[in-house]
Every structure is written in C-alpha cells, then in structure tokens.
Amino acid sequence: MKIAPSILSADFGNLAAAVRQVDGSGADRIHIDVMDGRFVPNLSFGPQIVSVLRKVTQLPLEVHLMVQNPENWIKPFADAGADIIMVHVESTPHIHRALALIDETGVKAGVVLNPGTSVDAVNFLLPIVQQVLVMTVDPGFSGQHFIPENLEKVDELVTIRDRNPELNYEVEVDGGVDAERIKSVEIHGADVAVAGSAIYNDKADPATNIKALKAAL
Ligand code: DX5
Ligand code: ZN
C-alpha cells in the first residue's frame, strides 16, 4: 500500500524541509489539504504552496480540496503543479462539472466522501475518476480519531472495481491512520493511506515514522 504524508501536521514554518524529510524515505506522494474556513472550520494552503513544493520534490502532489465552490480552484492548483486534484461530493451541486474541469486540465481527478456520505452518492462518478478518497474522520483537522465503520466503504469500492474492469480508480483512506490502524486499512483493500500526525510529530523524525507505518503492513 502507498503512503501519502499530509503536510497539514508538519511545521508550517518549514514546509519545504518537511517534504524533503519524507522524499526518499518511503513516501509515495505528498498530500496537501486545502481548507477555506467555510466547507471545513479551518484555513490552510493556497496554490502558492503547491508551486513552492513543486520545486522541492519529484513526488506526485495530491491536492485534497475542502472548499466551497471547488470549481474556482481547479485551474489555479493545476497550474501550480498538482498531479491529482480531489473534490468532495458534498462541496458542490455540480460535482460532474468539477470533475470534468479537472480532467480538462490534464490532472488526475478524484472524488472524496465524508464519513456521513455513502458510496451510492459517488456511484455514477466512478467511471470518470482515477481516485476515490474515503474520509475516516470528519475533515478539518489532523490528529482526530479514526472512524472504523468507514472501512466498509473501502470494501464496497474495491468490490465495485473488481466487478467492472473498465473502472480503474485507486481507493485512498484519509484521517486517523497510524501504525495500529494501517494494517486494517490495507486488509480492506485500500491502495493508498494518508497519514499526518502519525508521520509529523514530536515522537520521532518523519522518516522513522514512515518506516514504522511500512513495518506495520
Ligand atoms: C483532515 C485531512 C487529513 C489530515 C490527516 O481534514 O484531510 O488529510 O491532515 O491527518 P491525520 O493523519 O493526523 O488524521
Ligand atoms: Zn486530506
């Protein structure tokens, strides 16, 4: 299973260093949490941060948009160098348009489900995405507790993909994943796990923490 460190838990005073610390230490991509203080009760990064980090690493940069009117932000983040842009199905009445806009920019498109949203809500979108992100916390903050019931959605998404060879999305899990939880995420068939506070914390350096996550698999 791939690991995507979320820099939301890193030192905002030195994000370039935070990315360098995980690059070459087992990180498969960098997860960038974009928050607007409206869709979620927190503020974080704009496209400029993606432009800066684009110069720091060759790893894919995945942008998790937690904003209202995500349509307005797709081109700025694509131009800044994002490789994957993911939008919440709950964040716009025009989810199909948002995903089509991502596709037009040539960036991979992903759809995200909050813990309160069922797979049915994204069923009709599965043919046009390369990524489905299952939230295992309510979005807005790192360091929250994992909500295990959401793994049933991972089962469902994996089963749907197995039965429909034309579908080719990756299933990713985000929120509360640590060395204790990561094995269950893999057993349910997820392809990618996001980890924030399990990687960027005061207990050990990020490279050691990624090693511990990989060792738990
Ligand atoms: C939550 C974010 C997550 C978060 C993960 O809104 O989408 O990516 O940073 O952090 P942890 O792993 O600490 O839950
Ligand atoms: Zn995220």
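Which backbone nitrogen lies 2.8 Å from a polar atom of the side chain of T92? It is that of H94, as the first view of this predicted model shows.

**View 1. T92 sits in the loop between β4 (84–88) and α4 (95–105).** Helices (H or I, at least four residues) and strands (E, at least two) are DSSP runs, numbered from the N terminus. T92 counts as buried because its relative accessibility is 8%, where buried means under 20% relative accessible area, exposed over 50% and partly exposed in between (1.4 Å probe, protein chains only). Leaving aside neighbours within four places in sequence, T92 is in contact (heavy atoms within 4.5 Å) with P70, E71 and A98.

**View 2. The largest nonpolar core has 65 residues.** Such a core is a set of buried Ala, Val, Leu, Ile, Met, Phe, Trp, Tyr and Cys residues joined through side-chain atoms within 4.5 Å. Among the residues with the most contacts inside this core is I32, which touches I7, F45, V50, L53, L61, E62, V63 and H64 when residues up to four places away in sequence are not counted. A second, separate core of nine residues includes V112, L133, M135 and V192.

**View 3. L217 lies in the segment after α7 (206–215).** With a relative accessible area of 26%, L217 is partly exposed. The C-alpha atoms of L217 and K183 are separated by 5.1 Å, although these residues are 34 residues apart along the chain.

Residues are numbered from 1 along each chain as its sequence is written, and chains are lettered from A and ligands numbered from 1 in the order in which they are written. In this predicted model local features need pLDDT of at least 70, side-chain atom pairs count only at pLDDT 80 or more, and totals for chains, interfaces and linings use all residues, while side-chain values use heavy atoms, with hydrogens and water left out.

Terms used. A polar contact is a pair of N or O atoms within 3.5 Å; within protein, one must be able to donate a hydrogen and the other to accept it, and residues adjacent in sequence count only if both atoms are side-chain atoms.
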